[in-house]
Amino acid sequence: MRSAAALLTCPACIKPGAGAGYKAQRFASRELTKGSRKETKGKRRLENRQRSMETKQQHGAESMSQDLSELLKEATKEVHEQAENTPFMKNFQKGQVSLHEFKLVTASLYFIYSALEEEIERHKDNPVYAPVYFPTELHRKAALEKDLEYFYGSNWRAEIPCPEATQKYVERLHYVGNKYPELLVAHAYTRYLGDLSGGQVLKKIAQKALQLPSTGEGLAFFTFDGVSNATKFKQLYRSRMNALEMDHATKKRVLEEAKKAFLLNIQVFEALQKLVSKSQENGHAVQPKAELRARNVNKSHENGPAAGKESKRTRRMQADILTTSPLVRWILALGFIVTTVAVGLFAM
């Protein structure tokens, strides 16, 4: 009698088609196993994805629960660096700034702060901005008016340019004030806290590079008479800003608006750089000393017309003397040569 093992291995004992059925059964079993494994992997992948999304949402909720001032600092870090690294600002930081450039940037800042402070005044009692309303300490429009009068004279309003990039910034400020006043805090944070920080460094650079008076003329924009301690005031401002009631969605929009504010500033700097480059190409670049001297001379002519008449009379007399006779011209020339030699010997 054959053993069971022999029966299983004996080809004669296997019915026709039995091998094929067995193979098909094993194949089906393997496919089922594969399918089961794939399904298990798919479930695990889905669970991991859901877990990851939940973690991100949790982290997002936690981040939005942080102080608004810290969130703004983190969100604008990259664009802040971009603004500092524009050619205009890099040159400024090195002290490579002409009076012409400084006047242009002062004019642009006047238009920007006029729009910003107009909207702030409209919403000074609105809870979305009221806690950070510090007009005496921060507002810059009046200071910029003083600087522009110093640089351009009494008719400065008719002379200052407003580049397209500056106008675009102004339009954005009015749009925000009309539609979304809660976003004004983003623009105020970007401008005022920057002026209280880096602005003080730029003040010293400008005063030295342009040889402006030590008494502060032309630099009123950088002078905050209402702030006795900048560090303490910035702490107060941030604490008030953190106390503003904002939901998750509003905070997110404020962060985006702050980034936009920095980008608008970058566009203004780039536009000013183009204006300066064009001016230099056309040969209109003026040295600071010469331009300031010219402005002061014009001012003296405005205040004393008699001085202008005296100057004309002197020039006329000199012309008459030089045209009287060849002998006089010869004597004058000889006298000039003798004087020059004498001065040279004295200097030695």
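This briefing walks through the overall make-up of the chain and then a few residues and contacts to look at. The model is a predicted one. Its secondary structure comes to 17 helices and 0 strands. Of the 348 residues in the chain, 33% count as buried. Among contacts between residues at least 6 apart in sequence, 80% join residues at least 24 apart.

**A helix pair: α11 and α13**

- Helix α11 covers residues 184-196 and helix α13 covers residues 230-242; their axes come within 11 Å and cross at roughly 170°.
- Angles over 145 degrees count as roughly antiparallel, and α11 and α13 are therefore roughly antiparallel to each other.
- On the α11 side, the contact is made by V185, A188, Y189, L193 and L196.
- On the α13 side, A230, F233, K234, Y237, R238 and M241 take part in the contact.

**A buried charge: D147**

- You will find D147 in helix α8, which spans residues 141-152.
- D147 is buried yet has no salt bridge.
- The nearest side chain of opposite charge to D147 belongs to R140, and it is 7.3 Å away.
- Which backbone nitrogen lies 2.9 Å from a polar atom of the D147 side chain? It is the backbone nitrogen of F221.
- The backbone nitrogen of L219 also has a polar atom of the D147 side chain 3.2 Å away.
- Leaving aside residues up to four places away in sequence, D147 touches T106, G218, L219, A220 and F221.

**A buried serine: S108**

- S108 sits in helix α6, made up of residues 99-122.
- Is S108 buried or exposed? Buried means under 20% relative accessible area, so S108, at 1% relative accessibility, counts as buried.
- The side chains of S108 and T166 make a polar contact at 2.9 Å.
- T166 is also one of the residues that S108 touches, along with P163, V268 and L272, when residues up to four places away in sequence are not counted.

**Salt bridges**

- Side chains of opposite charge can pair when their charged atoms come close.
- The count of salt bridges comes to 7, and three of them are described below.
- E182 and R253 meet through their side chains in a salt bridge, with an N to O distance of 2.7 Å.
- This pair links distant parts of the chain: E182 is in the loop between α10 (164-179) and α11, while R253 is in helix α14 (residues 248-281), 71 residues apart.
- E182 counts as buried at 16% relative accessibility, whereas R253 is partly exposed with a relative accessible area of 33%.
- R191 forms a salt bridge with D195, and the closest N and O atoms are 3.3 Å apart.
- How many residues apart are R191 and D195? They are 4 residues apart, about one turn of the helix, and both lie in helix α11.
- R191 counts as buried at 10% relative accessibility, and D195 is buried with a relative accessible area of 6%.
- E121 pairs with K124 in a salt bridge whose closest N and O atoms are 3.7 Å apart.
- E121 is partly exposed, with a relative accessible area of 32%, and K124 is partly exposed, with a relative accessible area of 32%.

Note on methods
Residues are numbered from 1 along each chain as its sequence is written. This is a predicted model: local features need pLDDT of at least 70, side-chain atom pairs count only at pLDDT 80 or more; totals for chains, interfaces and linings use all residues. Side-chain values use heavy atoms; hydrogens and water are left out. Helices (H or I, at least four residues) and strands (E, at least two) are DSSP runs, numbered from the N terminus. Buried means under 20% relative accessible area, exposed over 50%, partly exposed in between (1.4 Å probe, protein chains only). Lys and Arg count as positive and Asp and Glu as negative; His and the chain ends are not counted. A salt bridge is a side-chain nitrogen of Lys or Arg within 4 Å of a carboxyl oxygen of Asp or Glu. A polar contact is a pair of N or O atoms within 3.5 Å; within protein, one must be able to donate a hydrogen and the other to accept it, and residues adjacent in sequence count only if both atoms are side-chain atoms. Contact means heavy atoms within 4.5 Å. Axes are lines fitted to C-alpha atoms, for helices over the stretch in contact, and angles run from 0 to 180 degrees between N-to-C directions. Angles under 35 degrees count as roughly parallel, over 145 as roughly antiparallel, 65 to 115 as roughly perpendicular and the rest as oblique.
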